[in-house]
Amino acid sequence: MPERMKLSLLMPTHERPETLRLAISSVQEQSFTDWELLVCGDGCGAATEALLADVASRDARVRWFPLPKAPGFGYANRNRVLEEARGELIGFAAHDNL
């Protein structure tokens with residue numbers, strides 16, 4: 001079983017690659033480093049897929065979950081991804097947080 005960290009951050013996204021890289025960078029640049037970032041894709045396309053493949057290959061704390069579009073705001077996908085969280089605490093970060 002992978003090592004348990006202090007914080008799991010959920011970052012849902014649906015086609016916002018233009019802000020997603022900045023949002024991920026804002027998490028990576030924090031002084032607190034004991035975290036994992038769970039990026040929950042809700043029907044994302046090729047640009048988001050490519051971005052996350054690049055980011056995840058450079059930082060093992062970033063985990064990408066490319067899921068098909070769920071109804072509404074994708075809460076079912078968020079709940080599914082949260083089941084994969086390994087942190088003691090859960091936090092939320094939006095894909096447009098800069």
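**Packing, cysteines and charges**

Modeller: Start with Leu37. Leaving aside neighbours within four places in sequence, Leu37 is in contact with Leu9, Met11, Ile24, Arg61, Val62 and Arg63. Contact here means heavy atoms within 4.5 Å.

Biologist: And what are the ground rules for the numbers?

Modeller: This is a predicted model, so local features need pLDDT of at least 70, side-chain atom pairs count only at pLDDT 80 or more, and totals for chains, interfaces and linings use all residues. Residues are numbered from 1 along each chain as its sequence is written, and side-chain values use heavy atoms, with hydrogens and water left out.

Biologist: How many residues has the largest nonpolar core, and which have the most contacts inside it?

Modeller: That core has 17 residues. Those with the most contacts inside it are Met11, Ile24, Leu37, Val39, Leu52 and Val62. A nonpolar core is a set of buried Ala, Val, Leu, Ile, Met, Phe, Trp, Tyr and Cys residues joined through side-chain atoms within 4.5 Å. Buried means under 20% relative accessible area, exposed over 50%, partly exposed in between (1.4 Å probe, protein chains only).

Biologist: Which elements give two or more residues to this core?

Modeller: Strands S1 (5–13), S2 (35–42) and S3 (62–67), plus helices H1 (17–28) and H2 (46–58). H1 gives the most, with four residues. Helices (H or I, at least four residues) and strands (E, at least two) are DSSP runs, numbered from the N terminus.

Biologist: What lies apart from that core?

Modeller: Another core, of six residues. Among them are Leu10, Cys40, Leu67 and Val81.

Biologist: Cys40, then. How many disulfides does the count come to?

Modeller: Zero, with a disulfide taken as a pair of cysteine sulfur atoms within 2.5 Å.

Biologist: Switching to charges. How many salt bridges does the structure hold?

Modeller: Nine. The rule is a side-chain nitrogen of Lys or Arg within 4 Å of a carboxyl oxygen of Asp or Glu.

Biologist: What does Glu88 form a salt bridge with?

Modeller: Lys6, the closest N and O atoms being 3.6 Å apart. Glu88 lies in strand S4 (residues 87–92) and Lys6 in strand S1, so the pair ties together parts 82 residues apart in sequence. Glu88 is partly exposed at 49% relative accessibility, and Lys6 is partly exposed at 34%.

Biologist: Where do Arg58 and Asp54 lie?

Modeller: Both are in helix H2, four residues apart, about one turn of the helix. Arg58 is exposed, with a relative accessible area of 69%. Asp54 is partly exposed at 23%.

Biologist: Back to Arg63. What does its side chain meet in a salt bridge?

Modeller: Glu84, at 3.9 Å from N to O. Arg63 lies in strand S3 and Glu84 in the loop between helix H3 (75–82) and S4, so this pair ties together parts 21 residues apart in sequence. Arg63 counts as buried, at 16% relative accessibility. Glu84 is partly exposed at 39%.

Biologist: Which residues are linked with them in a network?

Modeller: Glu36 and Arg86. Together with Arg63 and Glu84, they are linked in a network of salt bridges.
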